[in-house]
Amino acid sequence: MLDDATASETLDELEAEIAELKALEAEAADVLHAGEDRKWRELLRLLESPQMRDAEGRREKLLVFTEYTDTLEYLEGKLASYLGSAERLRAIRGGMNRDERRRVEADFKQDPKVSVLVATDAAGEGINLQVAHILINYDLPWNPNRIEQRFGRIHRIGQRHTCYMYNLVADGTREGDVWHRLFDKLEQESATLNGRVFDVLGQVTYDDKSLGDLLLESIREDQTPARQAYLDTVIDSSLDTESLRRIMARDVLATDSLDVEDVRRVRADIERANAARLQPHYIQSFFARAIEDLGGHLASNRDGTWRIRRVPLALRVSSATGARRPLSDGYASLAFDKDDVADPGRTDLVAVGHPLLDAAVEETLAKHAGALDHGTVLVDDGNRTLGPRLMLAYSLSLADGGGQEVERRIYYVEVEQGHEPATFGQAPYIDYRAPNEDEAAAIDRGVADPLAIPTDAEERAEALLMAGPVAEDVRRLGAERQERVDRVADAVRQRLNHAIASASTDAERWAEKARRGDEGARLTASNRRRDLEQLKMRREVRLRELEGQRVVRPKPLRLVEAAIVFPSRMLRQAPEAAKDAFEARKASEQRGMDAVMLIEHSLGHDPTDVSRQNVGWDVESRVPHADGTEDILFIESKGVREDADTVTFSANEVLKAAGNRASFVLAVTRPHGSGSTTTYYHDAIRNDYNQALDSYPFKLSELGRRAASTETYDIEGSTCTRRS
């Protein structure tokens, strides 16, 4: 322990060191009792400057970083007094768990009364504080990586304001002289390298020394003109343009290029994922009802955003654990569609993963989960089948080699007597509804034979899932994780091997100084050896963790929901009439699908039938362009009678059409003579959703007037001719 605390080797040296420390302690006490804090006065001057207020004179959100918890607590008291209330500031310090930090983040972002956040480097990573664009470093870390991490809390994608960082550095000190030279040089090179200099600042060495070692030497060594010239030269040469560019080139991890086919595939995947995303309306509709049910209220700001003045206690505190969630007491600006987020720093996008939505889902399930256990009865106006069917929903957790859940999925299967089970890409119940009074009475009268539902439905559904969708998801996720682990492991080796090589050189340099009798170097040499061993251990542990992430295993399927689904015709028509209507509808649907596939092939497109996946359209068609790029059309096929003047959409189809107007096509096919005629309507379905409706009948004449464009094709056998 003594070796770690002192460089003294004899009792006399130790007594002299203690005496010097006592003198320094007395001097520090004199400074404290004098009550004159120059650094606080400089911070106060900054707080009073015009840059700290917006155009309307309101105080800007401000982030203050400090190195030490004691300093943070000192600043908390001073700032609370200056601001007039401790409620006007928040703090993030070491020892706070993730939920506590997220709660402070939410308060700082959403509470208009909170204008200052003071933090140690516990807030340096993993927290989005771009509601602020001004940062003050009350004191500076000797590790430049941490300066970069601090600035990264406000300088993020989506930041709408120019970001400013102020550094409080003591003039007339050796440390201050080094910082001044460093920041002057950074200012020059930042302009040359378009601001990217901060990306590599932590990897710069100064005459083979770290910045911390350079600062330590500047303090310990005699300050002569030659010494100052040496420091200036070292800083200038280490931060010259070519040196920084070499580091940037070395740190490029992604050296592979994408060929044209890769670009097409990635673009298609992005378009498909965007089209199939959980529509904002569903999230908003659920969230508004859940908030009301749990004792809160979602109010409109009349600009596309919403507010919750007081988050209900049922959301702020988990009913399962009693723990406080990372939520603000109120939210001034929430949005459910990214197009309504004018300022990402001030408006929260409520989407999957947001703590408010997560809490609403968790508490709604806790309150109403019992309803799922009882099952339910639903009605399908789309009359997808002739008889009743059993809809089953299964939850599946996919885990890595360590048992850690990496993905959770919900699978939907419907089983009808005499037919193979069918799986769905999205929840089929979106297009179903509760039975009305007449339909409920028909069900009670026994319109359907209870034995029409197969007794082995669950076994058949689970066998289908395990052999099909589950196996495919395990294969997909396994391949993704293999690729990701390889990429991350290479980056870890590259980064840590470089750090280990640098630390090894540094440790040997200090060890050599100690061997030559430098008394002050012995403790530093010991610390450098310890740092080197810690880096090696960190590399070993991280690579071992990554290997465990390669494996993907499915946990057992868990049945979470069941419903009997009745076709609406079955409940209101005689069996023979219902059967005739069902068969006619199926024939029309098939005629329409055949026509669309023929048209798309004739146009040189690459269509795929996705009608069984319930994604909101029936065909995905890839449209190639001369420059090698391609688009995807999402085509909803409707087969109608020759004299029909109306087509009917489900709520899901209306929402998907409105959410993908540029790429959504309605194709209406009707028999004509010995063939058929198909009309394409582009951008004809817009803001038509109405929460009170289960289905949407549209007049074809009205769709023709609304469409951005139309084209009509005549089909005769395998021949397709464009009419207009």
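**Charges and a nonpolar patch on the surface**

The structure holds 51 salt bridges. By that I mean a side-chain nitrogen of Lys or Arg within 4 Å of a carboxyl oxygen of Asp or Glu. Keep in mind that this is a predicted model: local features need pLDDT of at least 70, side-chain atom pairs count only at pLDDT 80 or more, and totals for chains, interfaces and linings use all residues. Residues are numbered from 1 along each chain as its sequence is written, and side-chain values use heavy atoms, with hydrogens and water left out.

Start with one pair. E67 forms a salt bridge with R150, and their closest N and O atoms are 3.3 Å apart. E67 sits in the loop between β1 (62-65) and α4 (69-83), while R150 belongs to helix α6 (residues 144-152), so the pair ties together parts that are 83 residues apart in sequence. Helices (H or I, at least four residues) and strands (E, at least two) are DSSP runs, numbered from the N terminus. R150 is buried, at a relative accessible area of 0%. Buried means under 20%, exposed over 50%, and partly exposed in between, with a 1.4 Å probe and protein chains only.

Next, pairs within one helix. E472 and R475 form a salt bridge at 2.6 Å between the closest N and O atoms. Both are in helix α17, three residues apart, so about one helical turn separates them. E472 is partly exposed, at 39%.

R585 and E589 also meet in a salt bridge, 2.8 Å from N to O. They are four residues apart in helix α20 (residues 575-602), again about one helical turn. R585 is partly exposed at 24%. E589 is partly exposed too, at 28%.

There is also a network. Salt bridges link E407, R409, D473, R476 and E480.

Now the surface patches. Which residues gather in the negative one? D12, E13, E15, D518 and E519. Patch residues have over 30% relative accessible area and no salt bridge; like charges are joined within 9 Å, nonpolar side chains (Val, Leu, Ile, Met, Phe, Trp, Tyr) within 5 Å. D518 is in the loop between α17 (469-515) and α18 (521-548). D518 is partly exposed, at 32%.

Last, the nonpolar patch. F286, V361, L365 and L372 make it up, with about 290 Å² of accessible area together. Areas come from the Shrake-Rupley method with a 1.4 Å probe; for residues, only the protein chains shown count as cover. Helix α14 (residues 355-374) gives the largest share, three residues. L365 lies in helix α14 and is partly exposed at 45%.

Technical notes: Lys, Arg positive; Asp, Glu negative; His and termini not counted. Charge placed at Lys NZ, Arg CZ, Asp CG, Glu CD.
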